[in-house]
Amino acid sequence: MDVTWSLILDLLGTFFFAVSGSLLAARRGFDIVGSLLLGSLTGLGGGVMRDLVLGVTPTAFAQPIYLIPPLAAAVLVFFFVRPVERFPRLLLVFDAAGLALFCTTGAVKALELGMNPVAAALLGVMTGVGGGLLRDVVANRDPQLFNPRDLYAVPAMLGAASITALWVAGWYGPLAEVLIAALVFAFRVLSLRFKWHIPSAALDRSFGDRADG
Amino acid sequence: MDVTWSLILDLLGTFFFAVSGSLLAARRGFDIVGSLLLGSLTGLGGGVMRDLVLGVTPTAFAQPIYLIPPLAAAVLVFFFVRPVERFPRLLLVFDAAGLALFCTTGAVKALELGMNPVAAALLGVMTGVGGGLLRDVVANRDPQLFNPRDLYAVPAMLGAASITALWVAGWYGPLAEVLIAALVFAFRVLSLRFKWHIPSAALDRSFGDRADG
Amino acid sequence: MDVTWSLILDLLGTFFFAVSGSLLAARRGFDIVGSLLLGSLTGLGGGVMRDLVLGVTPTAFAQPIYLIPPLAAAVLVFFFVRPVERFPRLLLVFDAAGLALFCTTGAVKALELGMNPVAAALLGVMTGVGGGLLRDVVANRDPQLFNPRDLYAVPAMLGAASITALWVAGWYGPLAEVLIAALVFAFRVLSLRFKWHIPSAALDRSFGDRADG
């Protein structure tokens, strides 16, 4: 994959996640700077965690161009929050695109830097779900990642595992990466559309009703 | 301490902490993937933070075998959540074993990598309490670490300081490490059994009754 | 700036932030160890995040003297929580001094280590606001950083940007750093005194009234 093409996809993913952060800031009544900060954390957080584990300077700091998507997201939400809200599914589509992209590019970056395949797949998942987790933790709400009515992590896990398997098999290439990202995206959107879900953490379903200990 | 023996102890500690994360996930009604993620964060989080500070690749990523304990914990909680819950003290015993192990192995790893003794003791404490702190923060609840009716951090501090002192004195060895871990474990269990506690953050006890500012 | 002078300022900033953490611990009814831990996280957290991004050993671990301010803060709050509380503005003044100092020293450290100017300014902001954010997240409350009635991040952004601009222009020096820190401090105190605020995250002000989605 050409560096420029890869960078554009990464910046797009950053933008989509940043919109979700800035929109949450608007819903919470934060000011415009809070919107910029929460959007930055959401869009850049997953990649920063990945790069810290990889032991390289986080791209968000090494390449200042990464700050443009959060700025654009904060401006977009500031002026156009009503239209954006009118299409809540549009936002979920954006979020799904960011997730699909980050789980594959995160795994590929780890593989390029020589991580073992298991860790690379894990880092792909972390890149995909990390920013949204930071967003929800910092905004003091229950993370979307743990919502039992939403398969959020599963598409990211499948995508990161698939791209890693292709890499190990020697079949990795730009086309494969785009294809897998598209499949992850489609899976995520379909899971939302048809309300797919997976088993609860406990086989005994009555358990979850108990008070939190 | 033989590498294999040390690794087994570390994996056991990871497993015990992961059970506490997966069990919290079950109590909250998360799905099975959420259980795996929260268990992984709890079991691996402390070690990852320690390794990031030490500037080495986190063991959870460098050695894929570290992913087996969280997987086992999620499966265990999925099938056997009722029996596990029937012995809540058993779980606290597991947690105490993880704490005792991590606070000593964390400090030893820091000392082996040349950190100064004060930082090594601090990293031992961070390794011991870090995973549980991440678990509670991500699950959006008040951290057990700050529970004033529970001496959670104190045994970890004593253990990390003791093993560091032995290292500085030149008396460190596998036997000493196991002995100190056992003492930390015993202290933690006794503190739970006899409800030991320490002074409040403010000498003026009426202060804590005020509203949060 | 002389190393000793710089270190003293940094330790003072650590102390002021640590007081805010220990005081929150006292308000929440944490015990004395919880007070020490929350104070340490608040005072040292911003610098640790900065140093992890910079790829150097965090100063809090490299130099054990950094543990003295959180210890002093926990002791101070333990014995003198009532007098400290009697002057809530005094605490905000301390916090403002910490913020002013950390946003400039954080940016300067990043520039000294060769980061690009944009990243250096960003790291200055992260150093200034990071500890307080960790404090609030760990204590499970809405972060002060996102309080729309408080310009918390704005003075830090201006200070970090200013010192970075001076560095790029070749006008950086100890006097410039102290001057900018003083201006940031004054701006922060004035913004509190006169309740300055900035626009909301959404132009459509009625939006924030909606329920959190």
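**View 1. Chain B superposed on chain A in the predicted model.** In this predicted model, chain B is brought onto chain A by a rotation of 120°, with 0.0 Å of shift along the rotation axis and an RMSD of 0.0 Å. Where these copies touch, they use different surfaces, and 14% of the contact residues of chain B recur in chain A.

**View 2. Chain B superposed on chain C.** A rotation of 120° also places chain B on chain C, again with 0.0 Å of shift along the axis and with an RMSD of 0.0 Å. The two copies are therefore related as by a three-fold rotation axis. Only 12% of the interface residues of chain B are also interface residues in chain C, which means that the copies meet through different surfaces.

**View 3. The contact between chain B and chain C.** To this contact chain B gives 33 residues, while chain C gives 29 residues. On the side of chain B that touches chain C, at least two residues are supplied by each of the helices α2 (32-54), α6 (117-138) and α7 (153-169) of chain B.

**View 4. Helix α6(B) and the make-up of the side of chain B that touches chain C.** With six residues, α6(B) contributes the largest share of the side of chain B that touches chain C.

Note on methods
Residues are numbered from 1 along each chain as its sequence is written. Chains are lettered from A and ligands numbered from 1 in the order in which they are written. This is a predicted model: local features need pLDDT of at least 70, side-chain atom pairs count only at pLDDT 80 or more; totals for chains, interfaces and linings use all residues. Copies are superposed by least squares on the C-alpha atoms of residues with pLDDT of at least 70 in both. Two residues are in contact if their C-beta atoms, placed from the backbone, lie within 7 Å. Helices (H or I, at least four residues) and strands (E, at least two) are DSSP runs, numbered from the N terminus. Ala, Val, Leu, Ile, Met, Phe, Trp, Tyr, Cys and Pro count as nonpolar, Asp, Glu, Lys and Arg as charged, and the others, Gly among them, as polar.
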